[in-house]
Amino acid sequence: MDFSEVLDWIVAQSWSTGCVVGYGFSYTAITADWMAERNHVALKGIIPRFPDYDPYEDDCFPGGVPNAFIGQTWGNRVKDLDRNLLTLADGEKSPGVRPVGSNGEAELHAALRDHERVPSVWEGFRQVAFKDDRPPSWGGASMLDWSIQEVADTLDSSGTPTQTWGGWFDAGTAQGAIRRFLRQSYPMNVIIGPWNLGGEIPYDPLLGAGKTILPTTPMQQANDIRFADACFSGQAANEQGKVLHYYTLGEGVWKSTSSWPPRATRRRWHMANNFGLSASPGEMGFDMLQVALGDVRSNRWATNNDAGKVDYGDRRQFDADRLAYTSEPLTSDVEITGHVVVHLNITSTREDGNFFAYLEAVKPDGVSCYLTDGQLRALHRKVWADSPFSALGPQHSYLRRDAEPLLPGEAAILTFTLHPISARVPAGYRLRVCLAGSDKTTFANVPVDGEPPILQFYRGPAGCYIDLPIIEP
């Protein structure tokens, strides 16, 4: 609501043309989105770079799994701002908010005393399992109130031209960008590249070393300025439709489309006996997993906190402690573009749990490269049939009314999508799917107490499989 006042103030200034374009990065990208929600006559466009279209699903609770790393680190940093404390990237202390006017010191101290009573948002995160949970420390708000996705109709009525950016390896920003593209009707450019948060450090594990991936940061900034100029001139509102630009890993090529998902052929790969990944289901049986702990730190979630690099490295050591299913070498190049769908037939010794699936490309020398992953908390396994995003694969509401705990020892089906990706995997490579029950460096374990679950993943015609969206040549 502050933006109505801020935009009114800008328009009233002698230097103002009365035309404004909003801009932001990460957290301020989310606030730029809320600027459009005000439907102010002065706002001519917005440029949210790497925002969370839905903070619950894209960052804080992907698949309903509690992202403890983000919740604690970001929540406590926000609390430091309440205390007027901030450490800059180089380790230096920021001077913080500075007093203004003759009574500024007293007003600043009064504000700090008032803010000191506010709990860290992390306290609320620890009480959230569902989108509609309302922790007492949040003053009656839920994560539905944080989500610009929840006011999609209001945004459409404003018609605000938008250019937004996401990264294949930046938390859930690519997923959010694609959902925005599907859900919203206002003019937009959506740009998804092989980036960390901010788009400064590209990562393409399938591309040869030493190759420059465009656009560089200065080129991205120049593109934003061109879009802002088109907003000011009215061209963006009058001529711009909806276009999604995306980069394909391995191929090193940018592509554009006016519709999503791309036309693809679904190919099913079964988790087969002898830990094979096969087009045929093979023999009936099951593979057992005792939930283990730990993962790499340089991942898609860590970048969303510090805008650092993403490099999963060689995944073989990680895979050795989980269930890893590997295909025979590919006989031709395979392009995977869209949302991979995972179907798990499982039993568990506990009533709840986290389930992770990773898609990897294994080079001829054995190095296993991360492509994408997805997760689902078993409590949220009910499929939301009426979701506006069902074209992407099975969706979940994450609302309390739809909770479905597991019954220990009884078989259950979990089906969910991985984060979207576009990758061309060369002939001679193998595909690998890795299944896990935890990622201690990023996510809170579920259940939080008692013995870790013992999981059984079933094989055979009614067993576990993935569906890959393959772009035919």
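Colleague: Happy to start with glutamine 149: is this residue buried or exposed?
Modeller: This is a predicted model, where local features need pLDDT of at least 70, side-chain atom pairs count only at pLDDT 80 or more, and totals for chains, interfaces and linings use all residues. Numbering runs from 1 along each chain as its sequence is written, and side-chain values use heavy atoms, without hydrogens and water. The relative accessibility of glutamine 149 is 11%, and the cut-offs are under 20% for buried, over 50% for exposed and partly exposed in between (1.4 Å probe, protein chains only), so glutamine 149 counts as buried.

Colleague: Which residues does glutamine 149 touch?
Modeller: Glutamine 149 sits in the loop between helix H6 (121-125) and helix H7 (152-158), helices being DSSP runs (H or I) of at least four residues and strands (E) of at least two. Leaving aside residues up to four places away in sequence, its contacts (heavy atoms within 4.5 Å) are Tyr53, Asp54, Lys131, Arg179 and Phe389.

Colleague: And how accessible is leucine 86?
Modeller: Leucine 86 also belongs to a loop, the one between helix H4 (68-82) and helix H5 (104-116). This leucine is partly exposed, because its relative accessible area is 39%.

Colleague: Which elements give two or more residues to the lining of the largest cavity?
Modeller: The whole structure holds three cavities of 30 Å³ or more, each a set of 1 Å grid points where a 1.4 Å probe fits but cannot get out. The largest has 14 lining residues (an atom within 4 Å of a point), with Gly63, Gln175, Arg179, Tyr398 and Thr417 nearest its centre. The elements giving two or more are helix H8 (173-183), strand E14 (368-377) and strand E15 (412-417).

Methods
On a 1 Å grid over the protein atoms alone, a cavity is a set of points where a 1.4 Å probe fits but cannot get out, and a pocket is an open set with protein on both sides within 12 Å along at least five of seven lines; lining residues have an atom within 4 Å of a point. Grid points are joined across faces, edges and corners, and a volume is the space filled by probe spheres set on the points.
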